[in-house]
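Here's a quick tour of a structure, written for someone who likes to know the cut-offs. Have the viewer open and follow along.

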Protein chains: 2
Amino acid sequence: MLRTLNRNAKDAALHAMADALVDQADRIVSVNADDVVRARGNGTSEAIIDRLTLTPDRVGAIADALRDVAALPDPVGEVVRGYSVPNGLRIRQVRVPLGVVGMIYEARPNVTVDAAGLCLKSGNAALLRGSSSAAASNAVLTDVMREALVACGLPADAVQLVPGDSHESVKHLMTARGLVDVLIPRGGESLIRSVVENSTVPVIETGVGNCHVYVDRDADLDKAVAIVMNSKAQRVSVCNAAETLLVHAEIADAFLPRLLAALREAGVTIHGDERFALHATSAGIKFAEVTDEDWAAEYYSLDLAAGIVDDIDAAIAHIQRWSSGHTEAIVTDSQSAAQHFIAHIDSAAVMVNASTRFTDGGEFGFGAEIGISTQKLHARGPMGLTELTTTTFIVTGDGHIRT
Amino acid sequence: MLRTLNRNAKDAALHAMADALVDQADRIVSVNADDVVRARGNGTSEAIIDRLTLTPDRVGAIADALRDVAALPDPVGEVVRGYSVPNGLRIRQVRVPLGVVGMIYEARPNVTVDAAGLCLKSGNAALLRGSSSAAASNAVLTDVMREALVACGLPADAVQLVPGDSHESVKHLMTARGLVDVLIPRGGESLIRSVVENSTVPVIETGVGNCHVYVDRDADLDKAVAIVMNSKAQRVSVCNAAETLLVHAEIADAFLPRLLAALREAGVTIHGDERFALHATSAGIKFAEVTDEDWAAEYYSLDLAAGIVDDIDAAIAHIQRWSSGHTEAIVTDSQSAAQHFIAHIDSAAVMVNASTRFTDGGEFGFGAEIGISTQKLHARGPMGLTELTTTTFIVTGDGHIRT
């Protein structure tokens with residue numbers, strides 16, 4: 001039974017799984033090559049082909065991630081609250097595994113191993129449903145991990161692929177209330193929306209990020225340039241990249257020429273409001289008039305919606321209207337502006353003088369991440385091992401009864 | 001804006017609401033009397049009539065509950081985790097309100113005030129949908145509270161009744177994803193199931209309790225009698241009352257004559273297995289043969305399903321099969337038996353040598369309770385103010401960017 005395994009047993013299994021993946025890297029890479037050929041034949045984009053492709057080095061990195069998980073503390077058994085009440089009852093709220101964690105995800109086969117490792121470490125069974133384009137890769141990765149589990153004396157079914165390629169199997173997973181304790185969809189917005197709308201199993205929404213950077217009147221302009229560039233352009237295909245820039249009107253003349261030169265250099269297209277148009281023209285950067293679709297967009301590309309605001313409250317109002325609740329950043333040297341922004345922004349993460357790209361389990365020191373929750377219940381922001389647990393109240397008395 | 005109110009403002013409003021309820025107790029009791037007359041006319045049971053009825057004393061008690069909430073610490077702003085990471089970023093995970101909390105509940109008008117008070121204290125707007133039988137009572141209670149809020153300079157809409165009496169309004173509430181942050185149904189099993197199945201708003205399930213008491217071979221029999229009696233018979237209409245008793249075979253002969261005499265005295269009917277039948281006959285207690293429906297039942301009455309088990313693992317297996325995951329108790333003086341039971345029981349609360357009736361926000365020292373969660377996500381067990389919050393990660397840097 002997974003929930004009663006001690007840490008040694010779980011860590012030994014994680015290391016055995018890692019070793020087995022490395023030992024069988026050739027087999028894994030060869031099976032993966034078939035998936036890649038099929039995907040190319042289906043006209044899959046090169047970006048997705050890249051995410052799908054496994055090499056011996058990538059298999060090694062996936063195995064290392066399992067070893068990293070083994071090195072993390074065991075979340076199970078942590079006493080969240082512990083106290084006595086006046087009648088002498090001793091109450092402890094203790095972390096326990098959720099039970100069965102279902103994952104529905106796209107393309108990347110490394111998620112198969114990451115999710116299996118995080119679930120095992122937190123004492124949960126993993127029920128995995130990857131995309132059909134990675135079906136053979138996911139099957140061989142799962143086989144190798146299951147063999148390693150059995151060799152350690154653990155049940156193979158601690159890690160399972162949901163059988164079948166059809167949408168029927170996803171439907172079964174979404175309606176297995178009572179059998180599956182939580183479903184975590186990872187992927188595009190339509191996948192996530194479909195799971196949220198059709199699942200009777202509790203869902204944790206992840207990942208949709210329409211992140212904003214607001215450059216305040218009191219910003220340090222050097223830092224502001226660095227933070228906007230990093231938030232937008234360091235890696236565009238991730239949920240914590242910035243999609244909208246808001247600039248305080250009073251610093252626009254001093255700030256925008258420098259920023260737009262850097263953005264132009266990086267190949268960024270501005271989707272801007274009227275006041276932005278003039279600056280864009282002077283800077284010679286690609287420019288389009290901003291629409292409501294732009295304000296709402298998660299571009300995943302070198303596009304940036306941009307507006308000039310008269311004050312911090314206009315920036316906050318814009319973010320309240322358009323944000324997906326992932327991450328918003330303010331660049332300011334004013335303590336009161338930072339406090340005001342924090343008080344009024346209701347997102348999973350608020351960055352003060354830091355890039356939006358820091359909203360990440362690894363950057364937060366969680367060691368590993370099963371996704372970034374953009375909902376408010378259970379978990380919000382990067383989810384690590386702790387977020388794969390629930391709690392039980394253990395109440396100890398000495399014949400106590402209620403009067 | 002509710003989320004930025006400081007504690008003083010919230011506590012003042014709670015006291016003003018309490019004072020207003022007491023001031024207008026006559027008006028409230030008179031409106032409530034109309035609901036009671038209508039309910040009687042519809043043939044409503046006296047038990048439900050009793051829950052529906054308000055008296056000046058009961059209005060006073062409802063007002064006092066608001067004052068108790070005012071005395072509790074403010075959950076908003078609590079730093080759940082706070083640390084620096086190696087690059088110098090300072091990370092704080094801070095409690096913030098959920099936003100809008102929807103409650104769907106039955107009969108008791110006091111829930112209208114309790115929910116409003118707990119939501120206000122935790123910085124949330126309360127969107128309340130009581131039963132139609134209490135519609136007039138809920139309307140007058142809400143009016144009084146809204147007037148008090150306005151007198152304190154707060155928005156009346158911090159507390160709102162969902163308009164309309166029809167099922168349409170419940171449907172709107174259940175599909176108001178993005179507008180309502182969480183729905184908490186409180187009431188019978190069919191209400192809760194309907195909300196879980198039809199809501200696209202995240203739901204916290206509450207309250208279905210098929211609670212078990214297992215009397216181990218190493219139980220202190222005096223304590224066991226007291227705990228079984230208290231768990232079953234102290235108050236039968238509540239979710240933390242026990243519905244099933246499991247007794248270790250080796251102590252049945254010594255224990256059951258004493259227990260059954262006490263249960264008979266209390267008017268309890270045993271729904272027992274074959275081995276229980278003999279003991280029941282000797283004790284002269286009402287007896288029926290147990291069925292699967294009994295093992296699954298939340299009786300809310302002086303009925304008790306009962307079985308004799310050969311060992312602790314048989315008790316655990318029975319509970320794993322039939323429990324609703326609310327509360328299970330073990331009575332034992334054996335440390336290893338207690339540990340074994342705790343390790344294998346996956347419920348919101350596990351009692352060791354204490355009555356199941358202790359699973360309660362007040363008994364746990366939470367000061368107030370919005371319900372008892374029997375699900376695993378977000379909150380499990382009694383839910384107080386903390387469980388009406390989410391968190392935001394506030395990350396402070398000095399121009400930090402990712403490399």
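## Ground rules

This is a predicted model, so keep the thresholds in mind: local features need pLDDT of at least 70, side-chain atom pairs count only at pLDDT 80 or more, and totals for chains, interfaces and linings use all residues. Residues are numbered from 1 along each chain as its sequence is written, while chains are lettered from A and ligands numbered from 1 in the order in which they are written.

## Domains

Chain A splits into domain 1 (2-205 + 375-395) and domain 2 (211-358), with bounds that come from an automatic or database domain assignment. Between the C-alpha centres of domain 1 of chain A and domain 2 of chain A there are 35 Å.

## A parallel sheet in chain A

Look for an open sheet of 4 strands in chain A, in the order 5-4-3-6 and with parallel pairing. Strand 5 (159-161) and strand 6 (182-186) of chain A each have a single partner strand, so they stand at the edges with one side left without a neighbour in the sheet. From one strand to the next, the twist averages 20 degrees. (Strands (E, at least two residues) and helices (H or I, at least four) are DSSP runs numbered from the N terminus; two strands pair if DSSP finds at least two bridges between them.)

Strand 3 (residues 100-105) and strand 4 (residues 125-129) of chain A run parallel and are joined by 5 bridges, with Val100(A) opposite Ala125(A). Helix 5 (residues 110-121) of chain A packs on the sheet, touching strand 3, strand 4, strand 5 and strand 6, and its direction makes about 160 degrees with that of strand 4 of chain A. Angles run from 0 to 180 degrees between N-to-C directions, with axes fitted to C-alpha atoms, for helices over the stretch in contact.

## Nonpolar cores

The largest nonpolar core has 185 residues, and Leu21(A) and Leu21(B) touch the most other members. (A core is a set of buried Ala, Val, Leu, Ile, Met, Phe, Trp, Tyr and Cys residues joined through C-beta atoms within 7 Å; buried means 20 or more other C-beta atoms within 10 Å of a residue's own, with C-beta atoms placed from the backbone.) Beyond its neighbours within four places in sequence, Leu21(A) is in contact (C-beta atoms within 7 Å) with residues including Ile28(A), Val59(A) and Val113(A).

## Symmetry

Chain A superposes on chain B by a rotation of 180 degrees with 0.0 Å of shift along its axis (RMSD 0.0 Å), which is the relation of a two-fold axis. Of the residues of chain A, His378(A) comes closest to the rotation axis, at 1.7 Å (C-alpha).

Methods:
Two residues are in contact if their C-beta atoms, placed from the backbone, lie within 7 Å. A residue is buried if 20 or more other C-beta atoms lie within 10 Å of its own, exposed if 12 or fewer, and partly exposed in between; C-beta atoms are placed from the backbone. Copies are superposed by least squares on the C-alpha atoms of residues with pLDDT of at least 70 in both.
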